[in-house]
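Biologist: Could you take me through this model? I would like to cover the sheet, then the backbone, then the side chains.

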Amino acid sequence: MVNYDSIAPGPNLSRIATSLGVSVATVSNALSGKGRVSGPLVERIREHAAELGYVPSQAGRALRTGRSGVLGLVLPDIANPLFPKIAQAIEFAASAAGYGVLIADSRGDVAAQTEAINRLVERGVDGMVIIPRRATRISAAACPVAVIDTPSTPGNTVAADHWQGGHEIAGHLAGLGHRRILIIGNNQESNVQNDRAGGIRSGMRPGMHSETLWIDRLEQENGSDCPLGLAEKVRQGFTAFAALSDLQALRALTELQQAGINIPADVSVTGFDDLIWSPVVTPALTTVRMDMDKIAGIAVSALVDSIRTSSIRKGRLVTAQIERVAMQLIVRQSSGPAKPAPKTSEMENI
């Protein structure tokens with residue numbers, strides 16, 4: 001049983017002031033860096049506060065400054081293994097800037113994401129980082145907002161250059177001799193996936209051909225988790241399957257292998273995002289990696305600058321000097337030289 005009478009309260013400003021024989025105001029000014037307190041006394045007060053284990057009250061600071069010292073982070077789907085990785089990068093960047101983070105998850109629903117924004121505003125966050133669902137009402141947030149989506153999204157603060165990432169994939173596959181590429185995405189409404197697909201098409205060389213398979217459209221017709229029909233695409237002469245995320249790439253790998261198609265001997269498969277399991281699947285996945293630490297650092301820095309330089313709390317989209325961050329091609333075992341395809345009248349007409 002705990003004897004609560006024996007537990008002394010944590011050190012506060014008055015205890016520090018009493019033990020040093022100075023006023024509470026002097027201690028407060030010394031610890032906050034405000035007011036006129038001599039250098040030696042400031043050092044003495046701070047050393048004594050550290051010895052006593054003094055931790056500034058966040059609630060007290062909020063009352064004095066009108067700021068909570070907390071940022072909001074709104075994610076579209078925490079179940080997607082990409083987003084915990086992003087959340088970790090944001091939390092690290094925010095912590096380095098002296099801020100805590102509250103995380104909200106919309107679970108893929110636009111209305112839920114708008115509600116998540118409102119909840120964070122009610123909790124008094126100083127600013128917000130949002131990875132938006134399409135049609136999310138970002139302007140409703142009554143605080144500065146940094147958007148991480150894709151450079152083509154209106155109001156985007158900073159993001160990976162998804163178009164350039166797609167261009168890298170196309171160049172890699174072209175260099176391996178692939179001429180027929182099936183692009184695989186799961187959400188035809190996604191700005192990110194459309195930019196990635198556009199980048200792949202823009203990077204294709206003369207004589208190359210691509211088609212795009214949207215899984216959401218296919219599943220509307222044939223049901224959730226239906227086969228993608230990739231073995232038939234191989235028979236049609238496609239030798240490369242460029243998925244717009246590692247999750248779709250894993251689905252493609254699994255379906256092709258179950259059909260007895262060898263990767264990369266028969267066909268190549270590539271992805272996007274370099275998720276934690278991408279290097280350990282068989283074969284290890286060729287993919288494109290986002291520099292999330294750099295993106296998070298830019299977004300949080302721009303957001304904090306906006307918070308500190310404005311006394312007006314209102315919704316406003318934050319801009320950054322660097323708007324896009326290059327993606328890095330990671331070549332592994334799932335991509336290899338194209339297997340020569342038998343010539344057919346169908347292919348000769350393409």
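This is a predicted model: local features need pLDDT of at least 70, side-chain atom pairs count only at pLDDT 80 or more; totals for chains, interfaces and linings use all residues.

Biologist: What kind of peptide bond joins isoleucine 263 and proline 264?

Modeller: The bond is cis, with omega about 10°.

Biologist: And what about the bond from threonine 282 to proline 283?

Modeller: That peptide bond is cis, with omega near -5°. Proline 283 lies in the loop between β9 and β10 (287-289). For context, most residues other than glycine have a negative phi, and most peptide bonds are trans.

Biologist: On phi, then: what is the value for aspartate 225?

Modeller: Aspartate 225 has a positive phi of about 65°, although it is not a glycine. The residue is found in the loop between α9 (215-222) and α10 (230-235).

Biologist: Is aspartate 225 buried or exposed?

Modeller: Aspartate 225 counts as exposed, because its relative accessibility is 63% and the exposed class begins over 50%.

Biologist: Where is aspartate 273 found, and what is its phi?

Modeller: Aspartate 273 is found in the loop between β9 and β10. Its phi is near 105°, a positive value in a residue other than glycine.

Biologist: Buried or exposed, in the case of aspartate 273?

Modeller: Aspartate 273 is buried, because its relative accessible area is 5% and the buried class covers values under 20%.

Biologist: Let us turn to the sheet. What is the strand order?

Modeller: The order is β2-β1-β3-β4-β11, in an open sheet of five strands with parallel pairing. β2 and β11 (316-317) stand at the edges with a single partner strand each, so one side of each is left without a neighbour in the sheet.

Biologist: How many bridges join β1 to strand β2?

Modeller: Six bridges join β1 to β2 (residues 100-105), and the two strands run parallel. Among the pairs, valine 70 has glycine 100 in β2 as its bridge partner, and leucine 75 has aspartate 105.

Biologist: How many residues of strand β1 are buried?

Modeller: Strand β1 (residues 70-75) is mostly covered, with five of its six residues buried.

Biologist: Changing topic to the cysteines: how many disulfides are there?

Modeller: The count comes to zero disulfides, where a pair would need its cysteine sulfur atoms within 2.5 Å.

Biologist: Is cysteine 143 buried or exposed, and is cysteine 226 buried or exposed?

Modeller: Cysteine 143 is buried, with a relative accessible area of 1%. Cysteine 226 counts as buried at 7% relative accessibility.

Biologist: Last topic, the rings. How many aromatic pairs does the structure hold?

Modeller: The structure holds zero aromatic pairs.

Biologist: Which ring does the charged end of arginine 180 sit over?

Modeller: The charged end of arginine 180 sits over the ring of phenylalanine 238, at 4.4 Å from the ring centre.

Conventions. Residues are numbered from 1 along each chain as its sequence is written. Side-chain values use heavy atoms; hydrogens and water are left out. Helices (H or I, at least four residues) and strands (E, at least two) are DSSP runs, numbered from the N terminus. Buried means under 20% relative accessible area, exposed over 50%, partly exposed in between (1.4 Å probe, protein chains only). Two strands pair if DSSP finds at least two bridges between them. Rings of Phe, Tyr and Trp (its six-membered ring) pair if their centres lie within 6.5 Å; planes under 30 degrees apart count as stacked, over 60 as edge-to-face and the rest as tilted. A charge sits over a ring if NZ of Lys or CZ of Arg is within 6 Å of the ring centre and within 35 degrees of the ring normal.
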